[in-house]
Amino acid sequence: MITDSSPDPTERGASWRLALSVLETLREAGHEAYFVGGCVRDRLLGIVAEDVDIASSASPAEVSRLFSKVILVGARFGVCRVRARGIEVEVAAFRTDRGIADGRRPLSVGPATAREDVLRRDFTINGMLYDPATDEVIDYVGGRRDLAAKVVRAIGFPHERFREDRLRMLRAVRFAARFDFAIDPATEAAIAAHAAHVLDVSDERIRDELLLILQGPDPVRGFTLLEELGLLPVILPELTSGCGPNAEDSSGGTKRLLAAFAAMRERDERIVLAGLLRDLAPAAVGEVVTRLKLPRRVSRDVVNAVQAMGRLWDRPDWAPSDLKRLLREPHGKLLVPLSHLLCEAERSPPPPGVLALRDAAERFDERDLNPGALFSGRELMDLGYPRGPLLGEIIAALETAQLDGLINDREGALRFLRAHFPL
Ligand code: ATP
Ligand code: MG
């Protein structure tokens, strides 16, 4: 009998509970089914798995007949997701992958046994099956041994496995950094040999892995591995001219920056990326974020934040109006945490521009940043100012004076207009 009131904390996640009932239904219908992959690894490590995946002899069509809500995410590869109570569990049919020609995905997949299914998986620590009914780990690949030895090791022949799917090279680094594991020497040598081909992987997947490493528990280790294995110069060539975590770069050390990331509570991807790209020219930052296919809004904030940091570092004199305008931009909210990171990386005290910004961020609330215009364009025209470029200039000048605290009501605004824009 499968219970869901286990005393084991790793079994208390919502996903685990749903997966138990899905597994039971599959088995009652006569299918073979096991928990597989990351959730088995995490359970053995004593970590609550976020997602529980099931490997089963059932095809997506058969799964669809057993559950009311089934999403066919990769039916061609035998993968679907069962949804209940807002949670999803992935059910993948046992399969072998055939003829991976493009370094990304198989040309076709074939039906397989549970044993064959784990042999197509990436690393031994990700290749274990678990039977919750008997509490038995079924380990055809030596995953338990490698987990105990803290080793990321490719299943089968490493060269073949990385030739099949280049993404696995980045996954190896991510898992090694996440769990503080070594990479097995043969696996490591194969990654170094295939590193130049990592661009066979789609830009989006490279981006996702990169962000997972940057936002993971040990970005210093992740980036050090990426650099040592020759992956970093291929995925971020802009960075490696003396900026790698193993080199002391001109502004004082990407390594310290990455270490500072790890200490941040909330690691906004825009802050992480802007920090990493801080020394690049704006055009180069633009190229990187475009290549990584980041959402447009994220790209824009990263580029703007890097530019703004440059200005804050270079320019000592900032009027309150400049600071307020900066702080009300979407990227403005990133600048205070970003400046802390960069000062830490550079081991330098904050320059005057940065101090002024931090002070402004503390002192001004939303109303101070957006006080609302004292005169609208319509009202200015009623006063006799003609429509045209001058009107825009007047509106901006009024706002600057208002943000600088020189005027704060309509009387003051009228005096300002008479003095600076006489009719
Ligand atoms: P995470 O906790 O990061 O989700 P995970 O091991 O669950 O780690 P997933 O990407 O969710 O990783 O994949 C689930 C399982 O599918 C893996 O554990 C592994 O067995 C298999 N797998 C995923 N990606 C690959 C790949 N590129 N090549 C071979 N097997 C893979
Ligand atoms: Mg997973």
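**Around the largest pocket**

Author: Let's start at Asp-180, which sits in the loop between H7 and strand E11 (182-183) (helices, H or I, have at least four residues and strands, E, at least two; both are DSSP runs numbered from the N terminus). Asp-180 is not a glycine, yet its phi is positive, near 55 degrees.

A word on the numbers: residues count from 1 along each chain as written, while chains are lettered from A and ligands numbered from 1 in written order. This is a predicted model, with local features needing pLDDT of at least 70, side-chain atom pairs pLDDT 80 or more, and totals for chains, interfaces and linings using all residues; side-chain values use heavy atoms, without hydrogens or water.

Now to the largest pocket, which holds about 1700 Å³ of space (a pocket is an open set of points on a 1 Å grid over the protein atoms alone, where a 1.4 Å probe fits, with protein on both sides within 12 Å along at least five of seven lines; lining residues have an atom within 4 Å of a point). Its lining has 50 residues, and those closest to the centre are Asp-53, Glu-90, Arg-171, Arg-174 and Arg-205. Several elements give two or more residues to this lining: the helices are H2 (38-45), H7 (167-179) and H9 (203-214), and the strands are E2 (53-56), E3 (70-74), E4 (79-84), E5 (87-93) and E6 (95-100). By class, the lining has 22 charged, 20 nonpolar and eight polar residues.

What is the volume of the second largest pocket? That pocket has about 180 Å³. Lining this second pocket are Ala-263, Met-264, Arg-265, Glu-266, Asp-268, Ile-271 and Pro-337. Four of these lining residues are nonpolar and three charged, with no polar ones.

Lys-150 lies in the loop between helix H5 (143-149) and strand E10 (151-152). Its relative accessibility is 42%, so Lys-150 counts as partly exposed (buried is under 20%, exposed over 50%, partly exposed in between, with a 1.4 Å probe and protein chains only).

Finally, visit helix H10 (residues 219-228), which is largely enclosed by the rest of the structure because eight of its ten residues are buried. Among them are Pro-219, Phe-223 and Leu-226. After H10 comes Gly-230, with a positive phi near 85 degrees.

Terms used. Points joined across faces, edges and corners; volume = space filled by probe spheres on them. Nonpolar A, V, L, I, M, F, W, Y, C, P; charged D, E, K, R; others polar.
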